[in-house]
2 protein chains.
Amino acid sequence: MTSRPPRPRERGIPEATVARLPVYLRALQALQDRGTLTVSSEALASAAGVNSAKLRKDLSHLGSYGTRGVGYEVEYLVYQISRELGLTQDWAVAIAGIGNLGRALANYGGFGTRGFRIAALLDADPAMVGQSVASLDVRHIDNLEDVVRSTGVSIGVITTPAASAQGVATRFVQAGVASILNFAPVVLNVPDGVDVRKVDLSIELQILAFHAQRRADGDGRDAERAGLELM
Amino acid sequence: MTSRPPRPRERGIPEATVARLPVYLRALQALQDRGTLTVSSEALASAAGVNSAKLRKDLSHLGSYGTRGVGYEVEYLVYQISRELGLTQDWAVAIAGIGNLGRALANYGGFGTRGFRIAALLDADPAMVGQSVASLDVRHIDNLEDVVRSTGVSIGVITTPAASAQGVATRFVQAGVASILNFAPVVLNVPDGVDVRKVDLSIELQILAFHAQRRADGDGRDAERAGLELM
(Lines give C-alpha, C1' and ligand atoms only; values in the text may rest on other atoms or scores of the structure.)
Protein backbone atom coordinates (compact mmCIF):
# COMPACT_ATOMS: atom_id res chain seq x y z
CA MET A 1 0.00 0.00 0.00
CA THR A 2 1.20 3.47 -0.88
CA SER A 3 0.24 6.70 0.80
CA ARG A 4 -0.67 9.49 -1.61
CA PRO A 5 -2.76 12.64 -1.61
CA PRO A 6 -6.50 12.14 -2.20
CA ARG A 7 -7.56 11.54 -5.78
CA PRO A 8 -9.08 14.68 -7.26
CA ARG A 9 -11.51 12.95 -9.64
CA GLU A 10 -12.58 10.32 -7.17
CA ARG A 11 -16.31 10.76 -7.41
CA GLY A 12 -16.92 11.31 -11.10
CA ILE A 13 -16.02 8.05 -12.84
CA PRO A 14 -18.87 6.63 -14.97
CA GLU A 15 -19.88 3.06 -14.17
CA ALA A 16 -19.13 1.90 -17.74
CA THR A 17 -15.58 3.23 -17.36
CA VAL A 18 -15.19 1.37 -14.04
CA ALA A 19 -16.23 -1.83 -15.81
CA ARG A 20 -13.49 -1.33 -18.45
CA LEU A 21 -10.65 -0.51 -16.04
CA PRO A 22 -10.03 -4.19 -15.18
CA VAL A 23 -9.76 -4.94 -18.90
CA TYR A 24 -7.14 -2.20 -19.38
CA LEU A 25 -5.32 -3.45 -16.30
CA ARG A 26 -5.11 -6.97 -17.68
CA ALA A 27 -3.71 -5.71 -20.99
CA LEU A 28 -1.19 -3.47 -19.20
CA GLN A 29 0.00 -6.29 -16.95
CA ALA A 30 0.59 -8.45 -20.03
CA LEU A 31 2.73 -5.62 -21.49
CA GLN A 32 4.58 -5.29 -18.18
CA ASP A 33 5.32 -9.03 -18.16
CA ARG A 34 7.00 -8.57 -21.55
CA GLY A 35 9.10 -5.68 -20.22
CA THR A 36 7.28 -2.96 -22.20
CA LEU A 37 7.85 0.49 -20.66
CA THR A 38 5.47 2.72 -22.66
CA VAL A 39 2.42 2.07 -24.83
CA SER A 40 0.48 4.20 -27.30
CA SER A 41 -3.25 4.69 -26.77
CA GLU A 42 -3.84 2.88 -30.10
CA ALA A 43 -1.83 -0.20 -29.06
CA LEU A 44 -3.40 -0.35 -25.60
CA ALA A 45 -6.90 0.17 -27.03
CA SER A 46 -6.33 -2.63 -29.51
CA ALA A 47 -5.08 -5.01 -26.80
CA ALA A 48 -8.14 -4.19 -24.69
CA GLY A 49 -10.60 -4.45 -27.59
CA VAL A 50 -11.96 -0.87 -27.47
CA ASN A 51 -11.41 2.09 -29.76
CA SER A 52 -8.64 4.48 -28.80
CA ALA A 53 -10.90 7.54 -28.34
CA LYS A 54 -12.90 5.66 -25.70
CA LEU A 55 -9.68 4.52 -24.00
CA ARG A 56 -8.32 8.07 -23.82
CA LYS A 57 -11.62 9.34 -22.45
CA ASP A 58 -11.73 6.58 -19.82
CA LEU A 59 -8.16 7.21 -18.68
CA SER A 60 -8.74 10.97 -18.54
CA HIS A 61 -11.18 10.24 -15.66
CA LEU A 62 -8.13 9.00 -13.73
CA GLY A 63 -6.23 12.17 -14.58
CA SER A 64 -4.05 10.19 -16.97
CA TYR A 65 -3.51 11.77 -20.39
CA GLY A 66 -0.28 10.16 -21.66
CA THR A 67 2.47 12.06 -23.47
CA ARG A 68 2.21 13.03 -27.12
CA GLY A 69 4.48 10.85 -29.27
CA VAL A 70 5.27 8.58 -26.32
CA GLY A 71 1.96 7.32 -24.96
CA TYR A 72 1.39 6.05 -21.44
CA GLU A 73 4.00 4.81 -18.97
CA VAL A 74 2.95 1.22 -18.39
CA GLU A 75 4.11 0.89 -14.79
CA TYR A 76 2.53 4.14 -13.63
CA LEU A 77 -0.76 3.42 -15.39
CA VAL A 78 -0.90 -0.05 -13.76
CA TYR A 79 -0.43 1.69 -10.43
CA GLN A 80 -3.07 4.35 -11.16
CA ILE A 81 -5.72 1.85 -12.24
CA SER A 82 -4.93 -0.57 -9.40
CA ARG A 83 -5.24 2.26 -6.88
CA GLU A 84 -8.50 3.46 -8.44
CA LEU A 85 -9.97 -0.05 -8.27
CA GLY A 86 -8.80 -0.51 -4.69
CA LEU A 87 -6.46 -3.36 -5.67
CA THR A 88 -3.51 -1.93 -3.76
CA GLN A 89 -5.39 -3.23 -0.72
CA ASP A 90 -5.63 -6.91 0.18
CA TRP A 91 -9.20 -8.22 -0.09
CA ALA A 92 -10.05 -11.40 1.80
CA VAL A 93 -12.67 -13.47 -0.01
CA ALA A 94 -14.85 -16.29 1.35
CA ILE A 95 -16.46 -18.81 -1.00
CA ALA A 96 -19.68 -20.46 0.21
CA GLY A 97 -20.63 -23.68 -1.61
CA ILE A 98 -17.70 -25.93 -2.53
CA GLY A 99 -19.15 -27.85 -5.47
CA ASN A 100 -17.52 -27.86 -8.89
CA LEU A 101 -17.88 -24.10 -9.34
CA GLY A 102 -16.66 -23.27 -5.82
CA ARG A 103 -13.63 -25.51 -6.38
CA ALA A 104 -12.95 -23.95 -9.76
CA LEU A 105 -12.98 -20.47 -8.19
CA ALA A 106 -10.85 -21.57 -5.22
CA ASN A 107 -8.23 -22.84 -7.67
CA TYR A 108 -8.51 -19.91 -10.10
CA GLY A 109 -5.05 -18.42 -10.48
CA GLY A 110 -6.22 -14.98 -11.59
CA PHE A 111 -7.40 -13.76 -8.17
CA GLY A 112 -4.15 -13.74 -6.17
CA THR A 113 -2.26 -11.54 -8.61
CA ARG A 114 -5.02 -8.90 -8.42
CA GLY A 115 -5.21 -8.32 -4.70
CA PHE A 116 -7.83 -10.98 -3.90
CA ARG A 117 -6.94 -13.65 -1.36
CA ILE A 118 -9.24 -16.65 -0.98
CA ALA A 119 -9.31 -16.69 2.82
CA ALA A 120 -12.08 -19.18 3.60
CA LEU A 121 -14.17 -21.96 2.06
CA LEU A 122 -17.58 -22.85 3.51
CA ASP A 123 -19.99 -25.69 2.84
CA ALA A 124 -23.09 -27.17 4.46
CA ASP A 125 -22.20 -30.80 3.67
CA PRO A 126 -20.54 -32.45 6.73
CA ALA A 127 -18.71 -34.83 4.35
CA MET A 128 -17.02 -31.82 2.74
CA VAL A 129 -16.02 -30.08 5.97
CA GLY A 130 -12.36 -30.60 6.83
CA GLN A 131 -11.40 -31.49 3.25
CA SER A 132 -8.51 -29.52 1.82
CA VAL A 133 -9.27 -27.55 -1.38
CA ALA A 134 -6.66 -25.21 -2.85
CA SER A 135 -4.65 -25.58 0.42
CA LEU A 136 -7.56 -24.42 2.60
CA ASP A 137 -9.65 -26.53 4.95
CA VAL A 138 -13.36 -26.36 4.13
CA ARG A 139 -15.27 -25.04 7.18
CA HIS A 140 -18.91 -25.67 8.04
CA ILE A 141 -21.32 -22.92 6.97
CA ASP A 142 -22.54 -22.72 10.58
CA ASN A 143 -19.17 -21.17 11.42
CA LEU A 144 -19.64 -18.38 8.85
CA GLU A 145 -19.66 -15.53 11.38
CA ASP A 146 -16.52 -16.84 13.17
CA VAL A 147 -14.72 -17.41 9.89
CA VAL A 148 -15.57 -13.93 8.54
CA ARG A 149 -14.35 -12.31 11.76
CA SER A 150 -11.17 -14.35 12.18
CA THR A 151 -10.06 -14.08 8.54
CA GLY A 152 -11.21 -10.48 7.92
CA VAL A 153 -13.41 -11.42 4.95
CA SER A 154 -14.88 -8.41 3.13
CA ILE A 155 -16.17 -10.09 -0.07
CA GLY A 156 -18.46 -13.13 -0.07
CA VAL A 157 -18.82 -15.37 -3.14
CA ILE A 158 -21.96 -17.53 -3.29
CA THR A 159 -21.73 -20.75 -5.32
CA THR A 160 -24.41 -22.69 -3.44
CA PRO A 161 -27.53 -24.21 -4.99
CA ALA A 162 -30.28 -21.63 -5.62
CA ALA A 163 -32.33 -22.71 -2.60
CA SER A 164 -29.51 -21.96 -0.14
CA ALA A 165 -28.25 -18.70 -1.62
CA GLN A 166 -30.54 -16.21 0.15
CA GLY A 167 -29.84 -17.72 3.58
CA VAL A 168 -26.09 -17.54 2.99
CA ALA A 169 -26.35 -13.96 1.70
CA THR A 170 -28.29 -12.89 4.81
CA ARG A 171 -25.65 -14.46 7.05
CA PHE A 172 -22.83 -12.76 5.11
CA VAL A 173 -24.58 -9.40 5.51
CA GLN A 174 -25.24 -9.96 9.22
CA ALA A 175 -21.56 -10.83 9.66
CA GLY A 176 -20.65 -7.45 8.14
CA VAL A 177 -19.82 -8.48 4.55
CA ALA A 178 -21.05 -5.67 2.27
CA SER A 179 -19.85 -7.02 -1.12
CA ILE A 180 -21.34 -10.19 -2.57
CA LEU A 181 -20.65 -11.96 -5.85
CA ASN A 182 -23.58 -14.27 -6.57
CA PHE A 183 -23.35 -17.21 -8.99
CA ALA A 184 -26.55 -18.88 -7.79
CA PRO A 185 -29.47 -18.54 -10.26
CA VAL A 186 -31.63 -16.44 -7.92
CA VAL A 187 -32.10 -12.72 -7.19
CA LEU A 188 -30.86 -11.91 -3.67
CA ASN A 189 -32.60 -9.47 -1.34
CA VAL A 190 -30.07 -7.45 0.63
CA PRO A 191 -30.32 -4.19 2.59
CA ASP A 192 -29.34 -0.83 1.09
CA GLY A 193 -25.61 -0.30 1.16
CA VAL A 194 -24.78 -3.92 0.31
CA ASP A 195 -23.33 -4.33 -3.17
CA VAL A 196 -24.39 -7.49 -5.01
CA ARG A 197 -23.08 -8.47 -8.43
CA LYS A 198 -24.78 -11.38 -10.10
CA VAL A 199 -22.95 -13.63 -12.52
CA ASP A 200 -25.33 -15.50 -14.82
CA LEU A 201 -23.33 -17.76 -17.07
CA SER A 202 -26.24 -18.23 -19.47
CA ILE A 203 -26.39 -14.47 -20.19
CA GLU A 204 -23.08 -14.60 -22.03
CA LEU A 205 -24.39 -17.49 -24.12
CA GLN A 206 -27.57 -15.56 -24.90
CA ILE A 207 -25.56 -12.60 -26.21
CA LEU A 208 -23.51 -14.99 -28.38
CA ALA A 209 -26.75 -16.52 -29.67
CA PHE A 210 -28.05 -13.06 -30.62
CA HIS A 211 -25.01 -12.44 -32.82
CA ALA A 212 -24.99 -15.98 -34.22
CA GLN A 213 -28.61 -15.51 -35.28
CA ARG A 214 -27.72 -12.22 -36.97
CA ARG A 215 -24.97 -13.96 -38.90
CA ALA A 216 -27.33 -16.77 -39.86
CA ASP A 217 -29.78 -14.13 -41.11
CA GLY A 218 -27.05 -12.92 -43.49
CA ASP A 219 -26.36 -9.81 -41.45
CA GLY A 220 -22.71 -10.74 -41.05
CA ARG A 221 -21.27 -7.26 -41.15
CA ASP A 222 -23.28 -6.11 -38.12
CA ALA A 223 -22.43 -9.20 -36.10
CA GLU A 224 -18.78 -8.84 -36.93
CA ARG A 225 -18.63 -5.24 -35.82
CA ALA A 226 -20.54 -6.03 -32.64
CA GLY A 227 -18.19 -8.95 -31.95
CA LEU A 228 -15.19 -6.66 -32.19
CA GLU A 229 -16.72 -4.14 -29.83
CA LEU A 230 -17.46 -6.83 -27.30
CA MET A 231 -14.07 -8.47 -27.10
CA MET B 1 -39.63 -22.77 -33.71
CA THR B 2 -42.19 -20.34 -35.05
CA SER B 3 -42.36 -18.89 -38.51
CA ARG B 4 -43.11 -15.18 -38.62
CA PRO B 5 -42.52 -12.22 -40.92
CA PRO B 6 -39.08 -10.61 -40.69
CA ARG B 7 -38.56 -8.30 -37.73
CA PRO B 8 -38.73 -4.67 -38.85
CA ARG B 9 -36.24 -3.28 -36.31
CA GLU B 10 -33.78 -6.11 -36.68
CA ARG B 11 -30.64 -4.15 -37.34
CA GLY B 12 -30.92 -1.19 -35.01
CA ILE B 13 -30.66 -2.61 -31.46
CA PRO B 14 -27.85 -1.02 -29.41
CA GLU B 15 -25.35 -3.47 -27.91
CA ALA B 16 -26.13 -2.27 -24.36
CA THR B 17 -29.80 -3.11 -24.94
CA VAL B 18 -28.86 -6.58 -26.22
CA ALA B 19 -26.90 -7.15 -23.00
CA ARG B 20 -29.98 -6.25 -20.90
CA LEU B 21 -32.49 -8.41 -22.82
CA PRO B 22 -31.41 -11.63 -21.05
CA VAL B 23 -31.92 -9.88 -17.69
CA TYR B 24 -35.47 -8.84 -18.65
CA LEU B 25 -36.11 -12.35 -19.92
CA ARG B 26 -35.07 -13.89 -16.60
CA ALA B 27 -37.36 -11.52 -14.67
CA LEU B 28 -40.26 -12.22 -17.05
CA GLN B 29 -39.82 -15.97 -16.79
CA ALA B 30 -39.95 -15.69 -12.98
CA LEU B 31 -43.24 -13.78 -13.34
CA GLN B 32 -44.53 -16.40 -15.76
CA ASP B 33 -43.67 -19.17 -13.29
CA ARG B 34 -45.90 -17.41 -10.75
CA GLY B 35 -48.77 -17.20 -13.23
CA THR B 36 -48.54 -13.42 -13.77
CA LEU B 37 -50.22 -12.34 -17.03
CA THR B 38 -49.31 -8.64 -17.30
CA VAL B 39 -46.63 -6.47 -15.73
CA SER B 40 -46.15 -2.70 -15.50
CA SER B 41 -42.91 -1.20 -16.79
CA GLU B 42 -42.14 -0.04 -13.23
CA ALA B 43 -42.54 -3.53 -11.74
CA LEU B 44 -40.53 -5.19 -14.51
CA ALA B 45 -37.82 -2.53 -14.32
CA SER B 46 -37.56 -3.01 -10.57
CA ALA B 47 -37.31 -6.81 -10.92
CA ALA B 48 -34.57 -6.36 -13.52
CA GLY B 49 -32.69 -3.70 -11.55
CA VAL B 50 -32.90 -0.86 -14.12
CA ASN B 51 -34.98 2.31 -14.18
CA SER B 52 -38.30 2.15 -15.99
CA ALA B 53 -37.45 4.79 -18.61
CA LYS B 54 -34.47 2.69 -19.74
CA LEU B 55 -36.64 -0.43 -19.80
CA ARG B 56 -39.30 1.22 -21.97
CA LYS B 57 -36.62 2.54 -24.34
CA ASP B 58 -35.01 -0.90 -24.59
CA LEU B 59 -38.30 -2.66 -25.29
CA SER B 60 -39.28 -0.05 -27.87
CA HIS B 61 -36.35 -1.35 -29.96
CA LEU B 62 -38.28 -4.63 -30.17
CA GLY B 63 -41.40 -2.79 -31.23
CA SER B 64 -42.94 -3.45 -27.81
CA TYR B 65 -44.61 -0.47 -26.16
CA GLY B 66 -47.04 -2.02 -23.66
CA THR B 67 -50.57 -0.76 -23.07
CA ARG B 68 -51.29 2.31 -20.95
CA GLY B 69 -52.76 1.30 -17.58
CA VAL B 70 -52.09 -2.39 -18.24
CA GLY B 71 -48.39 -2.73 -19.01
CA TYR B 72 -46.84 -5.56 -20.97
CA GLU B 73 -48.29 -8.99 -21.64
CA VAL B 74 -45.78 -11.31 -19.97
CA GLU B 75 -46.13 -14.27 -22.31
CA TYR B 76 -45.87 -12.23 -25.51
CA LEU B 77 -42.88 -10.26 -24.22
CA VAL B 78 -41.11 -13.52 -23.29
CA TYR B 79 -41.71 -14.66 -26.86
CA GLN B 80 -40.55 -11.35 -28.40
CA ILE B 81 -37.30 -11.25 -26.40
CA SER B 82 -36.59 -14.96 -26.91
CA ARG B 83 -37.08 -14.55 -30.66
CA GLU B 84 -34.87 -11.46 -30.74
CA LEU B 85 -32.10 -13.28 -28.88
CA GLY B 86 -32.40 -16.31 -31.12
CA LEU B 87 -33.47 -18.54 -28.22
CA THR B 88 -36.42 -20.00 -30.12
CA GLN B 89 -33.74 -21.99 -31.92
CA ASP B 90 -31.85 -24.89 -30.34
CA TRP B 91 -28.15 -24.10 -29.91
CA ALA B 92 -25.77 -27.03 -29.50
CA VAL B 93 -22.83 -26.18 -27.24
CA ALA B 94 -19.50 -28.00 -26.85
CA ILE B 95 -17.38 -27.53 -23.72
CA ALA B 96 -13.61 -28.06 -24.12
CA GLY B 97 -11.70 -28.64 -20.87
CA ILE B 98 -13.55 -30.78 -18.32
CA GLY B 99 -11.90 -29.62 -15.09
CA ASN B 100 -13.91 -28.18 -12.19
CA LEU B 101 -15.22 -25.27 -14.25
CA GLY B 102 -16.11 -27.40 -17.28
CA ARG B 103 -17.97 -29.80 -14.99
CA ALA B 104 -19.76 -26.94 -13.26
CA LEU B 105 -20.93 -25.61 -16.64
CA ALA B 106 -21.93 -29.07 -17.90
CA ASN B 107 -24.13 -29.46 -14.81
CA TYR B 108 -25.46 -25.89 -14.84
CA GLY B 109 -29.25 -26.07 -14.93
CA GLY B 110 -29.77 -22.63 -16.41
CA PHE B 111 -28.71 -23.47 -19.96
CA GLY B 112 -31.31 -26.03 -21.00
CA THR B 113 -34.28 -23.81 -20.22
CA ARG B 114 -32.89 -21.04 -22.44
CA GLY B 115 -32.39 -22.94 -25.66
CA PHE B 116 -28.81 -24.12 -25.04
CA ARG B 117 -28.11 -27.83 -25.18
CA ILE B 118 -24.74 -29.09 -23.97
CA ALA B 119 -24.08 -31.47 -26.85
CA ALA B 120 -20.44 -32.46 -26.34
CA LEU B 121 -17.65 -32.48 -23.76
CA LEU B 122 -14.00 -32.56 -24.85
CA ASP B 123 -10.75 -33.02 -22.92
CA ALA B 124 -7.11 -33.72 -23.73
CA ASP B 125 -6.53 -36.01 -20.72
CA PRO B 126 -6.84 -39.69 -21.77
CA ALA B 127 -7.88 -40.54 -18.19
CA MET B 128 -10.89 -38.25 -18.56
CA VAL B 129 -12.00 -39.53 -21.97
CA GLY B 130 -14.96 -41.91 -21.74
CA GLN B 131 -15.98 -40.67 -18.27
CA SER B 132 -19.61 -39.67 -17.97
CA VAL B 133 -20.25 -36.06 -16.88
CA ALA B 134 -23.80 -34.67 -16.81
CA SER B 135 -24.94 -37.78 -18.75
CA LEU B 136 -22.47 -37.18 -21.60
CA ASP B 137 -19.34 -39.18 -22.40
CA VAL B 138 -16.21 -37.03 -22.47
CA ARG B 139 -14.58 -37.25 -25.92
CA HIS B 140 -10.91 -36.71 -26.76
CA ILE B 141 -10.08 -33.23 -28.02
CA ASP B 142 -8.48 -34.83 -31.10
CA ASN B 143 -12.03 -35.70 -32.19
CA LEU B 144 -13.17 -32.06 -32.04
CA GLU B 145 -13.91 -31.75 -35.77
CA ASP B 146 -15.92 -35.02 -35.82
CA VAL B 147 -17.82 -34.10 -32.68
CA VAL B 148 -18.70 -30.61 -33.95
CA ARG B 149 -19.96 -32.06 -37.22
CA SER B 150 -21.92 -34.98 -35.79
CA THR B 151 -23.61 -32.99 -32.99
CA GLY B 152 -24.16 -29.75 -34.94
CA VAL B 153 -22.25 -27.62 -32.43
CA SER B 154 -22.47 -23.87 -33.12
CA ILE B 155 -21.12 -22.46 -29.84
CA GLY B 156 -17.79 -23.53 -28.30
CA VAL B 157 -17.02 -22.95 -24.61
CA ILE B 158 -13.33 -23.00 -23.63
CA THR B 159 -12.52 -23.95 -20.04
CA THR B 160 -9.03 -25.30 -20.68
CA PRO B 161 -5.83 -24.05 -19.01
CA ALA B 162 -4.54 -20.81 -20.56
CA ALA B 163 -1.79 -22.54 -22.53
CA SER B 164 -4.23 -24.77 -24.44
CA ALA B 165 -6.95 -22.20 -25.15
CA GLN B 166 -5.66 -20.70 -28.42
CA GLY B 167 -5.13 -24.13 -29.97
CA VAL B 168 -8.65 -25.19 -29.07
CA ALA B 169 -10.10 -21.90 -30.36
CA THR B 170 -8.32 -22.34 -33.70
CA ARG B 171 -9.68 -25.86 -34.03
CA PHE B 172 -13.22 -24.70 -33.17
CA VAL B 173 -12.99 -22.00 -35.84
CA GLN B 174 -11.58 -24.40 -38.44
CA ALA B 175 -14.45 -26.79 -37.67
CA GLY B 176 -16.91 -23.96 -38.47
CA VAL B 177 -17.79 -22.76 -34.96
CA ALA B 178 -18.19 -18.97 -35.14
CA SER B 179 -19.24 -18.26 -31.52
CA ILE B 180 -16.80 -18.84 -28.66
CA LEU B 181 -17.21 -18.24 -24.94
CA ASN B 182 -13.73 -18.13 -23.40
CA PHE B 183 -13.12 -18.65 -19.68
CA ALA B 184 -9.36 -19.17 -20.05
CA PRO B 185 -7.29 -16.21 -18.82
CA VAL B 186 -5.86 -15.37 -22.24
CA VAL B 187 -6.85 -13.17 -25.20
CA LEU B 188 -7.74 -15.33 -28.22
CA ASN B 189 -6.81 -14.45 -31.79
CA VAL B 190 -9.62 -15.38 -34.17
CA PRO B 191 -10.44 -14.35 -37.75
CA ASP B 192 -12.94 -11.59 -38.54
CA GLY B 193 -16.49 -12.81 -38.32
CA VAL B 194 -15.87 -15.05 -35.30
CA ASP B 195 -17.55 -13.76 -32.16
CA VAL B 196 -15.58 -14.27 -28.94
CA ARG B 197 -16.88 -13.31 -25.52
CA LYS B 198 -14.41 -13.51 -22.68
CA VAL B 199 -15.48 -14.25 -19.14
CA ASP B 200 -12.91 -13.10 -16.58
CA LEU B 201 -14.13 -14.02 -13.14
CA SER B 202 -11.71 -11.64 -11.44
CA ILE B 203 -13.22 -8.64 -13.27
CA GLU B 204 -16.44 -8.94 -11.27
CA LEU B 205 -14.40 -9.00 -8.06
CA GLN B 206 -12.46 -5.93 -9.17
CA ILE B 207 -15.69 -3.98 -9.70
CA LEU B 208 -16.88 -5.04 -6.24
CA ALA B 209 -13.54 -3.91 -4.79
CA PHE B 210 -13.95 -0.51 -6.45
CA HIS B 211 -17.29 0.03 -4.70
CA ALA B 212 -16.05 -1.42 -1.39
CA GLN B 213 -13.19 1.04 -1.44
CA ARG B 214 -15.62 3.91 -2.11
CA ARG B 215 -17.67 2.84 0.89
CA ALA B 216 -14.53 2.61 3.04
CA ASP B 217 -13.64 6.15 1.91
CA GLY B 218 -16.98 7.32 3.37
CA ASP B 219 -18.58 7.73 -0.03
CA GLY B 220 -21.41 5.34 0.78
CA ARG B 221 -24.16 7.07 -1.13
CA ASP B 222 -22.35 6.74 -4.45
CA ALA B 223 -21.53 3.09 -3.91
CA GLU B 224 -25.09 2.33 -2.96
CA ARG B 225 -26.52 3.95 -6.04
CA ALA B 226 -23.96 2.23 -8.26
CA GLY B 227 -24.78 -1.11 -6.61
CA LEU B 228 -28.44 -0.69 -7.42
CA GLU B 229 -27.72 0.16 -11.04
CA LEU B 230 -25.51 -2.88 -11.39
CA MET B 231 -27.85 -5.51 -10.02
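The structure is a predicted model, and its chain A can be laid on chain B with an RMSD of 0.1 Å by a turn of 180° together with a shift of 0.1 Å along the axis. The two copies are thus related as by a two-fold rotation axis.

**The two copies and their axis**

- The same surface serves both copies, since 100% of the contact residues of chain A recur in chain B.
- Among the residues of chain A, the one that comes closest to the rotation axis is A:Asn100, whose C-alpha lies at 2.4 Å from that axis.

**Chain A as a whole**

- The secondary structure of chain A comes to nine helices and nine strands.
- Chain A has 231 residues, and 52% of them count as buried.
- If one takes the contacts in chain A between residues at least 6 apart in sequence, 57% of them join residues that are at least 24 apart.

**Helices H1 and H3 in chain A**

- Two packed helices are described by the angle between their axes and the distance between the axes.
- In chain A, the axes of helix H1, which covers residues 15–33, and helix H3, which covers residues 52–60, come within 10 Å and cross at roughly 105°.
- On the side of H1(A) the contact is made by A:Thr17, A:Arg20 and A:Tyr24, while H3(A) contributes A:Lys54, A:Leu55, A:Asp58 and A:Leu59.
- When the residues of this contact between H1(A) and H3(A) are divided by class, there are three nonpolar, one polar and three charged residues.

**Helices H1 and H3 in chain B**

- In chain B, the axes of helix H1 (residues 15–33) and helix H3 (residues 52–60) come within 10 Å, and they cross at roughly 105°.
- H1(B) and H3(B) are therefore roughly perpendicular to each other.
- The residues B:Thr17, B:Arg20 and B:Tyr24 in H1(B) meet B:Lys54, B:Leu55, B:Asp58 and B:Leu59 in H3(B).
- Sorted by class, the contact of H1(B) with H3(B) holds three nonpolar, one polar and three charged residues.

- Most residues other than glycine have a negative phi.
- A:Ala134, although it is not a glycine, has a positive phi of about 50°.
- A:Ala134 is found in the loop of chain A between strand E5 (132–133) and strand E6 (136–140), and with a relative accessible area of 34% this residue is partly exposed.
- In chain B, phi of B:Ala134 is near 50°, which is a positive value in a residue other than glycine.
- B:Ala134 lies in the loop between strand E5 (132–133) and strand E6 (136–140) of chain B, and B:Ala134 is partly exposed, with a relative accessible area of 34%.

**Tyr79 in chain B**

- B:Tyr79 has its place in helix H4 of chain B, which covers residues 74–85.
- Buried means under 20% relative accessible area, and B:Tyr79, with a relative accessible area of 19%, is therefore buried.
- B:Tyr79 and B:Gln213 are 134 residues apart along the chain, and their C-alpha atoms are separated by 41 Å.

Technical notes: Residues are numbered from 1 along each chain as its sequence is written. Chains are lettered from A and ligands numbered from 1 in the order in which they are written. This is a predicted model: local features need pLDDT of at least 70, side-chain atom pairs count only at pLDDT 80 or more; totals for chains, interfaces and linings use all residues. Side-chain values use heavy atoms; hydrogens and water are left out. Copies are superposed by least squares on the C-alpha atoms of residues with pLDDT of at least 70 in both. Contact means heavy atoms within 4.5 Å. Axes are lines fitted to C-alpha atoms, for helices over the stretch in contact, and angles run from 0 to 180 degrees between N-to-C directions. Helices (H or I, at least four residues) and strands (E, at least two) are DSSP runs, numbered from the N terminus. Angles under 35 degrees count as roughly parallel, over 145 as roughly antiparallel, 65 to 115 as roughly perpendicular and the rest as oblique. Ala, Val, Leu, Ile, Met, Phe, Trp, Tyr, Cys and Pro count as nonpolar, Asp, Glu, Lys and Arg as charged, and the others, Gly among them, as polar. Buried means under 20% relative accessible area, exposed over 50%, partly exposed in between (1.4 Å probe, protein chains only).
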